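Hi,

Here's the structure I said I'd pass on. Have a look first, then read my notes below.

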Amino acid sequence: MELYDGGAFPSITELAAHAQVSRATAYRYFPTQSALIAAVVAESLGPILEWQPQDNDALKRIQQLLAFAYPQMERHEGALRAALQLSLQQWAHATPGEKFVRGNRKRLLKLAVEPLQHKLSSEALQRVVHAFSLIYGSEVFLVLKDIWGLELNDIQNVTQWMAKAIIRQAEEDAISAGK
């Protein structure tokens, strides 16, 4: 994690040298680059994956998730970038075998929208989850940081504002539809 947090994307051989262990030992723990990055991401984002909502209001839940997750992402930006790089490389090269699996946001976002289950149709609820997936995640964090030069506080302000807009629109649509 030290290497990734420092901006390096080490190979398993480089990791072994840094950790002062043999390559064989490093490969025993991390047989592939995917396994290495999965372990680093699991360690760095572990607290996010353990997030539990503290409120019965969907807007408050998504705001809590955003406020909790983005500082953790900022602390371990190198791991996020490595995971994204690996995912893109595997897609570009159609690497057979073990893939770096992404998708923890689905579970977290479904937790966030649970209070809307009785207010929205299943289709509308799914649309809200899809929309939230565009304001929560490493890609959003990196776009707002790299392209727009935003700092953490500004990233959170933009995503919180978008969350309000999504919820407001979903509620308006439900009223118009009679649900």
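Is E114 buried, partly exposed or exposed? E114 is partly exposed, because its relative accessible area is 36% (buried means under 20%, exposed over 50%, partly exposed in between, with a 1.4 Å probe and protein chains only).

Before you go on: this is a predicted model, where local features need pLDDT of at least 70, side-chain atom pairs count only at pLDDT 80 or more, and totals for chains, interfaces and linings use all residues. Residues are numbered from 1 along each chain as its sequence is written, and side-chain values use heavy atoms, leaving out hydrogens and water.

Now the salt bridges (a side-chain nitrogen of Lys or Arg within 4 Å of a carboxyl oxygen of Asp or Glu). Searching the whole structure turns up five of them. E114 pairs with R61, with 3.3 Å between the closest N and O atoms. That pair links distant parts of the chain, 53 residues apart: E114 sits in the loop between α7 (104–113) and α8 (122–132), and R61 in helix α5 (helices are DSSP runs of H or I, at least four residues, numbered from the N terminus). R61 counts as buried because its relative accessibility is 8%.

Another salt bridge joins R105 and E139, whose closest N and O atoms are 2.5 Å apart. Here R105 is in helix α7 and E139 in helix α9, 34 residues apart, so to speak distant parts of the chain.

E77 and R81 make one too, at 2.8 Å between the closest N and O atoms. Both lie in helix α6 (residues 77–93), four residues apart, about one turn of the helix.

Cheers

Notes:
Helix = DSSP H or I, 4+ residues; strand = E, 2+ residues; numbered from the N terminus.
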